[in-house]
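Dear colleague,

Please find below the structure I promised to pass on, together with its sequence.

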Amino acid sequence: MDKHVLDHWDRRSLDALLPHFQRAKVSVKISSGFFTVSGFDLIQSALIGTKTFILVGYDDTQSANLVGKLLEDIRVDLMRWGRANRREAVSLLVAKLSKQEIYFRENDDEPYADARVRKNDHSKVYIIDDEMVWLGSLNLTNKGLIDNHESNGALTEPERVQTWVRFFMEKWDAPDTKDLTLELLQRLRAWLELADPFHVYLKSIQALVPREEPEPPRKGYKLPADYQRVIIKRIIRQLKTYKGAMLVASTGMGKTVMATDVCYKLHRERIIDSVLVFAPKLTHLNWEEDLDNAGINHQTFSREILGQKRSLGKEAKRLQRYLDKLDDQYIIVIDESHYFRNENKSGGKQKLSFSRVIERVNESGCYVLLLTATPYAKGFEDINNQLKLLPHCGPERMQTTSGQFVLSGMQMIRHPNAWAIPRHNFLESFRRLEVATLISTSWVARNFGIQAAEGDYLERPDGEMWIPHLNLLKVNVPLPFEMEMKNLIGKDYFKHVKTSIPTRDGGFITTESSIEERVSEAWSSSPLALQVTLFQVMEDNYDVSFKVRQEKRRESIEPVFSELQEMSYQDDPKLQALIQIISKHESEKIIVFTLRHPTATYLKTAIERQLPDMSTATPIQQLDQMNYATLEDDALQTMIQKFAPISNNVEPPLDAIDILILTNAHSTGINLQDANVVINYDLAWTPDVIIQRAGRIMRFWKEPRQVHIYAFVGVFEEDDPILTYEASGVSRQLASLTARSNEAQEIIEIPILPEDEHQRITSLGRFSRVTLEDLGELEATEVEDYSGGSPFLKHITALIQNQDLADALRDDINSAKLYDGEHEIIYLLIRHQGEFEWLVFNVSLNQLEEWSNDNLLEAIACNEDESVAVVDKEILETVAQSMRNDWCQRNNVHSSEVERICAMYLKPRMVEDNLNDLVRIDAVN
């Protein structure tokens with residue numbers, strides 16, 4: 001292009017303007033509607049040795065704080081600038097702003113840059129040496145100089161040029177013109193410096209937390225609370241990365257709300273268009289209502305239907321139609337996924353429910369979300385079996401069911417890419433699993449609870465919800481006919497020939513004590529339950545061969561059986577203890593849990609007779625002397641609504657129920673939080689059931705309240721060591737349950753059995769660390785200390801505790817810290833269209849790497865006093881920019897659409913130690 005061109009109307013105005021700047025010897029005066037560092041960088045090499053005056057103007061539609069607006073525009077431009085080394089450009093500008101071009105000091109003609117800002121002034125004027133004026137629509141920005149079609153023309157007549165110089169200087173010296181040179185200089189100097197590592201850590205955690213205020217898609221939609229939004233964002237990220245996720249959340253945390261919002265957001269992004277839900281029958285109405293309000297196509301099924309062959313029944317055929325329709329636009333939500341913790345039937349064959357889900361998930365490419373409060377009952381395989389339902393995209397591993405790696409010649413049990421955790425230290429491994437999220441009520445209470453005189457509460461979209469105080473009480477009661485039953489058990493009257501029988505968890509065992517365990521359970525439950533069980537033993541109604549012949553059994557058992565028939569309610573100390581507890585809570589709703597159907601009907605009748613003013617109900621119905629049945633779902637739903645109308649969103653009925661007696665079959669999937677008393681009349685065999693029972697009332701409530709959880713424990717009164725050992729099934733159950741309950745507390749962080757006779761807990765937030773025995777080997781051989789929940793929760797906690805500082809931090813900050821890794825790593829966080837991307841580059845190996853968010857946060861985690869490591873800032877800048885630009889190229893995204901949020905240089909601590917050693921050695925020499 002002709003260096004003396006004076007007229008231009010096209011792109012690349014820079015080509016026309018730059019030759020004139022290069023001829024400037026004294027000064028350049030610039031008035032521009034906008035200014036960016038990237039724009040100034042295009043011309044600053046031509047301005048060396050000249051005085052530069054920059055006047056930036058905004059029209060009245062811009063922010064009233066003009067200085068702030070200009071500085072913000074400069075900051076945003078830097079964030080989006082793709083220059084390979086931004087530091088170089090900023091350093092040159094800082095040098096001009098700070099008047100530190102020392103090469104011209106001799107002539108006392110020190111070049112400098114000055115910048116001012118005016119309101120309602122968006123002129124575009126470039127005056128060169130007061131000899132030429134370049135006029136037009138050209139802003140001093142990268143877009144203006146390079147991309148936009150701009151019209152420009154030059155004036156060289158001296159009189160007209162001087163008129164424009166006078167115009168410029170009048171604006172420059174006007175009272176309403178503000179000087180921002182110093183503030184811009186300070187901002188750019190700060191930008192060049194490395195920030196505190198803690199600041200990058202906080203900025204990174206903020207990427208995990210939603211910033212937008214949610215809007216309900218339809219009336220009636222349940223907006224998630226703040227703590228739920230954090231979890232929702234994490235689950236969405238897991239689903240986008242792995243197509244599968246597992247949420248373990250304490251009962252009452254709103255898993256349905258969170259799962260629905262996950263589906264809604266994925267649907268809004270057009271990632272999914274349909275939802276298939278497997279959930280307990282009594283929750284179907286809630287699921288359907290929530291998904292209807294989200295405006296998502298959905299179908300809801302009971303998990304039991306998965307185990308039915310497609311030829312059996314209308315519902316099974318309907319399910320098969322939808323399984324056949326599955327594709328990558330579907331998401332399967334499995335509520336109460338702990339029901340899938342047992343993969344195989346008796347005999348070791350895989351259950352149909354497992355094979356159908358696993359096959360269709362991996363064929364269709366659909367998404368899967370698992371929800372539960374109690375992921376295991378015994379150990380790590382309970383969890384692994386559920387993880388098999390997720391898409392098989394985990395790291396390749398060849399493991400047997402015992403967690404051992406497969407050797408040549410061994411049968412591989414699980415798919416090499418199925419998600420799995422090892423036996424050893426399985427809870428910690430589960431907590432750190434990329435597809436898992438564990439959250440507890442106590443964590444929410446600690447980090448989101450607001451303290452008040454009445455207790456702690458949460459601010460939720462539907463109003464204040466209070467976190468209950470917890471009152472744990474243990475009730476020790478003697479077992480009836482202690483000596484007689486010890487003798488019967490000790491003399492093997494209930495032992496049988498060894499046989500293989502199904503277990504509660506769907507497997508099978510070879511045993512001679514299965515009936516003895518039933519007798520022990522019935523003995524600790526109620527006189528009626530024991531009576532029914534003893535009758536079955538006497539009449540040979542069990543499909544086993546007893547070691548003691550029937551006549552002898554009947555002769556020995558009959559006296560106890562007859563006395564049981566003669567017992568009155570007043571003769572039953574356990575029942576009378578229950579009556580006293582109910583009387584104590586007569587104005588409150590009460591749930592009583594038992595293991596045995598006969599006990600449920602026994603308690604209902606006894607309470608009605610002894611406390612006639614209390615309305616009592618149970619879904620267990622007695623058909624005849626020895627047989628019982630459970631109400632159909634519709635009748636059970638009506639009973640639940642009469643007991644808990646508030647929780648189930650119905651009008652309180654006139655025939656309200658005060659006491660509800662349930663078995664374990666109804667310990668999950670129903671809303672009963674109108675009650676604030678749960679009585680474990682019979683202890684369960686596994687802690688997950690105890691947790692689920694407590695979960696019926698351990699939920700946030702609309703007003704402050706205290707919930708009470710009672711545990712009835714049978715105790716021996718007679719001190720006969722031999723007989724007590726022989727009859728120790730009851731005691732062993734309690735010991736085993738206590739051990740497993742301690743392990744279960746690792747997830748929920750709240751005690752479920754009282755440590756003493758009475759334990760009162762006024763703030764759930766104080767439960768942050770518990771010491772537990774490792775159940776991985778099912779032995780009390782290893783004691784470890786954990787902090788409950790997924791590791792990412794501690795990072796969220798750090799953010800919450802420093803929220804004001806985090807909110808005040810600017811984007812586009814860099815830092816460096818020492819860490820315990822082996823390689824030099826540069827981590828970069830960028831944002832594109834509101835979504836964050838985490839990039840990691842191994843400087844030592846010169847390659848990009850895939851790090852999970854959790855692992856990366858663990859590496860950059862630090863305290864506020866963490867010092868900045870000594871690193872080469874130029875390497876950090878150029879590598880980070882290269883990572884950013886490479887990501888743009890790979891994803892076909894224009895550089896200006898991507899914002900730099902923060903970067904961190906991770907320097908191995910051992911490298912720092914080695915350098916210090918060298919310094920010390922050199923000093924000695």
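In this predicted model, helix H17 (residues 482-490) packs against helix H20 (residues 550-566) at an angle of about 155°, and their axes lie 11 Å apart. Because angles over 145 degrees count as roughly antiparallel, H17 is roughly antiparallel to H20. The crossing in which H17 passes H20 is left-handed. On the H17 side, the contact is made by Glu484, Met485 and Leu488, and on the H20 side by Ser556, Ile557 and Val560. Sorted by class, this contact of H17 with H20 comprises 4 nonpolar, 1 polar and 1 charged residues.

H17 also packs with helix H18 (residues 514-525): the two axes come within 11 Å and cross at roughly 170°. H17 is therefore roughly antiparallel to H18 as well. Here Glu482, Met485, Lys486 and Ile489 of H17 meet Glu516, Val519, Ser520 and Trp523 of H18. The contact of H17 with H18 divides into 4 nonpolar, 1 polar and 3 charged residues.

I turn now to the second largest pocket. The space within this pocket amounts to about 1,300 Å³. Its lining consists of 41 residues, and those nearest the centre of the pocket are Arg237, Thr241, Phe836, Trp838 and Asn853. Two or more lining residues come from each of helix H9 (226-242), helix H10 (255-268), strand S33 (835-842), strand S34 (847-849), helix H29 (853-860) and helix H30 (873-890). Which element gives the most to the lining of the second largest pocket? H9 does, with 10 residues. By class, the lining of the second largest pocket holds 20 charged, 13 nonpolar and 8 polar residues.

With kind regards

Technical notes: Residues are numbered from 1 along each chain as its sequence is written. This is a predicted model: local features need pLDDT of at least 70, side-chain atom pairs count only at pLDDT 80 or more; totals for chains, interfaces and linings use all residues. Side-chain values use heavy atoms; hydrogens and water are left out. On a 1 Å grid over the protein atoms alone, a cavity is a set of points where a 1.4 Å probe fits but cannot get out, and a pocket is an open set with protein on both sides within 12 Å along at least five of seven lines; lining residues have an atom within 4 Å of a point. Grid points are joined across faces, edges and corners, and a volume is the space filled by probe spheres set on the points. Helices (H or I, at least four residues) and strands (E, at least two) are DSSP runs, numbered from the N terminus. Ala, Val, Leu, Ile, Met, Phe, Trp, Tyr, Cys and Pro count as nonpolar, Asp, Glu, Lys and Arg as charged, and the others, Gly among them, as polar. Axes are lines fitted to C-alpha atoms, for helices over the stretch in contact, and angles run from 0 to 180 degrees between N-to-C directions. Angles under 35 degrees count as roughly parallel, over 145 as roughly antiparallel, 65 to 115 as roughly perpendicular and the rest as oblique. A crossing is left-handed if the near helix is turned anticlockwise from the far one by less than a right angle, and right-handed if clockwise. Contact means heavy atoms within 4.5 Å.
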